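Trainee: Could we go through how the two parts of this chain meet? I'd like to take it step by step.

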Amino acid sequence: MLNQETKRRIDSARDILVGKVPDPKAQVEQITTAMIYKFMDDMDKEAQELGGKARFFTNGYEKYSWTNIMDPKLGGHERLNIYAEAVVKMAENPHIPQLFRDIFKDSFLPYRSPETLSLFLKEINRFTYVHSEDLGDAFEYLLSVLGSQGDAGQFRTPRHIIDFIADIVDPKKDESILDPACGTAGFLISAYKHILKQHKDKPLNPEDKKRMMNYIVGYDISPDMVKLSKVNMYLHGFPTPHIFEYDTLSSEEKWDETYDVIMANPPFMTPKGGIRPHKRFSVQANRAEVLFVNYIMEHLNNNGRAGIIVPEGIIFQSGNA
């Protein structure tokens, strides 16, 4: 459950950025990068407190540690220069997991104000990495600023709609689950939570939970959405989220993969320039929503179940597909 203090911190971080980074999506990306940066430092500290060694900020990367960047002896311009250099170099850091390198890929600091950065990092510094649902809920609240329409008819689905569909479709722990247009992974996380609730009286053992996580898969055409969905799933306990940058309608690489449960809110609009679907669809169409529905039907296992949000017109309009 999201507490008010966590909500206030996220709102404060956005308020600090808004003068230099007015785009909500860019704000989310800056906060995401900084939070993961801070959490890597937290994990290094935890390892050292338990008698181990730092894993992430080591072998030449020590100067980029969050602890070093937050050193009060550091001047504002020096902090800005180190941080700006660090967010670029982290994608090349061989000591961090591939998931984290993916998150830092193409990251950069879009402003040069030492005052803004210092205030922003001070707010992020209040977050602490813990293996708890609270952190995932905090990140989902941050993602809620993406609720307005995005490119190509993408909408962030309201949480109550996602949870309603998960309840109706009722995924089980041994079933494979796909969202072929996963966005920020809302459906996948709701499916995961739904399964955990089924077993609240007798919680899943670590092996069952690991196997279940491997069955949950998402595709998205947008590298930005892939990055955000990976962070969202990681903060909900998935150590290696199975999220792939993939064009569901034009690529054939994953066509032969089928699933027990598919849930999606695919893009409603066909992008400018149209779609060039491959020839394996059973319907000949050019509208994205029609192709997605066909894709989902084609990729369900026998006795599989799907929950799909589609525009009213796909059912009631008689126009060409």
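Mentor: The chain is split into domain 1 (4-131) and domain 2 (155-316), with bounds from an automatic or database domain assignment. This is a predicted model, where local features need pLDDT of at least 70 and side-chain atom pairs count only at pLDDT 80 or more, while totals for chains, interfaces and linings use all residues. Residues are numbered from 1 along each chain as its sequence is written, and side-chain values use heavy atoms, with hydrogens and water left out.

Trainee: How many residues does the contact take from domain 1 and from domain 2?

Mentor: Contact here means heavy atoms within 4.5 Å. The C-alpha centres of the two domains are 30 Å apart. On that rule, domain 2 brings 10 residues to the contact and domain 1 brings 14.

Trainee: What area is buried between domain 1 and domain 2?

Mentor: Buried area is the accessible area (1.4 Å probe) that two parts lose on being put together, summed over both. Carbon and sulfur atoms give 72% of it here, and the total is about 1,000 Å².

Trainee: Which residue forms a salt bridge with Lys230?

Mentor: A salt bridge needs a side-chain nitrogen of Lys or Arg within 4 Å of a carboxyl oxygen of Asp or Glu. The rule finds 2 across this interface. For Lys230, the closest N and O atoms are 3.0 Å apart, and the partner is Asp102.
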